[in-house]
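Here are my notes on this structure, as numbered points. Please read them alongside the sequence and the coordinates.

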Amino acid sequence: MDPLHQNRTLKWWILVILYVALHLMTIQSSMAPGTLQLQLDEEQPAGTVVGDISAGLPPDMIATHYFISDHQGTGVGIDLDIDESTGIIKTSKVLDREVRDRYSFIAVTMTGITVEVTILVNDINDHAPVFPRKRATFKIPEQTTIGTKFPLDPAVDADEDQLTTQGYIITDGNVGQAFLLETKRGSNKVLYLDLVVNAVLDRETRSSYTLLLEAFDGGSPKRTGQMILDVTVQDINDNAPVFNQSRYHAMISENLQPGNNILQVFASDADEGDNGLVLYDINRRQSDPDRYFVIDSRTGVITLNKPLDFEMRRVHELVIQARDNASQPEITNAFVTIQVRDYNDNQPTMTIIFLSEDGSPRISEGAQPGQYVARISVTDPDYGEYANVNVSLEGGDGKFALTTKDSIIYLICVDKILDREEQDHYELRVMATDSGTPPLRAESSFTIQVTDVNDNPPLFDQQEYTQVIPEVAFPGSFVVQVTARDKDQGPNGDVQYSILQTEGTHSDWFSVDTITGIVTTLTQLDYETDPIPSVTVVATDRGRPPLSSTAVVKVILQDINDNEPVFGSKFYNASIKENAAAGTCFMEGLQGFFLISFSTGKYKARNTFPSKSKRVISHGHISSEGTLMLSLWWICAGGG
């Protein structure tokens, strides 16, 4: 249709509509419009009957013609075929709910009755859930905590409500039920998916899993989508890179040419292999988006990349990332402050104040990491600010660190536990360097003395000493010398000895010299009372509080013949018949018994005592009262 004809047709319709409106206002102004809501499923073939406009007219009213209000962009004139004479609505093409889910228009009869028609396109399950990728790779460190969740890309289903994605399952490859799936419906109605660790992962036992994930919707029958997830179990990377300084400072002249190195950052990683290989980068999201600086990823050297302008920007703050080369890298940040200045003709000055009680450079070996050793203030007369000086610390074997909160006052603090017995002093050097060209530097070297604390008890050369002496040793006789050594210094290392008095050990027979550790006899010894007396010697230092340890001295006494035989009683009484036969035993006791021999009115006796001592009857006779009188002597085997 040519534009002229279209214009005439449009004017005709406008006149008709105005006529109908005036007619409505004058004749039927009180009549309310009707409404009609129709539905049909998407994907129906073209020509499918949707409904009849007349169903929206008041009862007992018919219409012979309808005027259709079709606004541009509603799709009514393109997607629907409306018979203006009959009011029958049909589809002019296959409708897709995902493209347009409703149609609205107004139909006006020749009598001015309006019907507001709404057509809803119902969803059918014509889409299956689709993962963004058919196959994905995922890496999880071994020993990951059970219950740890890893988000995966969800499957998207273009259908809505119950026909969209309703769940996920692992259909294959989940050896040992190592993983679970958890879901959560988002505000955007997407069913998000997490892979959850359900068992201890051991790379040495199983280094990978190939999981077949399936997403399903709520249709009947269900539509599904699959994705293969390759899970690689990694060696754990449990150490992050550590910078040797948390903040670096540099000052450079604005006329420094691009390509010049500014400073070098350094971070170390205790891991091995790729897990310990440190790579450097500048976090462009947080700093230097204009790329004034670049950093060598391997060496950490920061280089000027573009010309600087002091009047435009005087300070550049860089966030440096150190990451290891693991597949899931650990990342640590450090900060670099680079100041731009016009000139440089004065070197920095430093003032160091040691924080010991007497102001000397010393620190106790008991100082804990973080305890301050010295305070350093730095100034540079050139610019009138302090942050333009880079202060660094060298020496100390890593036992000390440099820290600052404001780049004005620096503090040297203990970084690792000290041990005076291992090393009693450290050489340190503090350098304050400005960033001029050439740079000017102030430095100070000093020795930190490590003072002692009583952290070592005395230790004996032996835990047990054994010495053999005769029991007749005179009081004050030498027994043995014990020795204990203490690694500490001064009073903390001075050892004093004492004897621990213990019941049943006869330790009171001995004494020990508190200084030399020589053990001597204190009283007369007696083998028969205790053949092996023992002494517990205590070595105590003079620290506060004191520390001590013990050693045992066993003394073996040699017996000598220093005791005479002793009868249990001076007199013994016994009865015997006068006609007793020779060899008759008339008295038992005294560790033996006596046998009587008769010889010419006298009596002799022999005994049965042990071989080492003998009891002998010198003579015997019968008294006038008929009593046998015996005189006995005890003769020891070793002598009289």
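**Strands, cores and rings**

1. A hairpin of six residues joins β13 to β14. Strands here are DSSP runs of E, at least two residues long, numbered from the N terminus. This is a predicted model: local features need pLDDT of at least 70, side-chain atom pairs count only at pLDDT 80 or more, and totals for chains, interfaces and linings use all residues. Residues are numbered from 1 along each chain as its sequence is written, and side-chain values use heavy atoms, without hydrogens or water.

2. Strand β13 (residues 208-217) pairs with β14 in the antiparallel sense, over nine bridges. Pairing requires at least two DSSP bridges between two strands. Ala215 has Gly225 in β14 as its bridge partner.

3. β14 (residues 224-234) also runs parallel to β8 (residues 135-141), and seven bridges join these two. Here Pro141 is bridged to Gln234 of β14.

4. The largest nonpolar core has 26 residues. Such a core is a set of buried Ala, Val, Leu, Ile, Met, Phe, Trp, Tyr and Cys residues joined through side-chain atoms within 4.5 Å. Buried means under 20% relative accessible area, with a 1.4 Å probe and protein chains only; exposed is over 50% and partly exposed lies in between. Among the residues with the most contacts inside this core are Phe243, Ile262, Phe293 and Val336. The elements giving it two or more residues include β16 (247-253), β22 (315-324) and β23 (331-341). β23 gives the most, with four residues.

5. What does Val336 touch? Its contacts (heavy atoms within 4.5 Å) include Tyr248, Leu263, Ile302 and Ile320, leaving aside residues up to four places away in sequence. Apart from this core lies another, of 24 residues, among them Phe150, Ala155, Leu201 and Met227.

6. The whole structure holds seven aromatic pairs. Rings of Phe, Tyr and Trp (its six-membered ring) pair if their centres lie within 6.5 Å; planes under 30 degrees apart are stacked, over 60 edge-to-face, the rest tilted. Phe131 and Tyr168 are tilted, at 6.0 Å centre to centre and 50 degrees between the planes. Phe131 is in the loop between β7 and β8, Tyr168 in β10, 37 residues apart. Both Phe131 and Tyr168 are buried. Phe243 and Tyr248 have ring centres 6.3 Å apart and planes at 75 degrees, so that pair is edge-to-face. Phe243 and Tyr248 are buried as well.

7. Two charges sit over rings, meaning NZ of Lys or CZ of Arg within 6 Å of the ring centre and within 35 degrees of the ring normal. Arg206 lies over Tyr209, 5.3 Å from the ring centre. Lys306 sits over Tyr292, at 4.9 Å from the centre.
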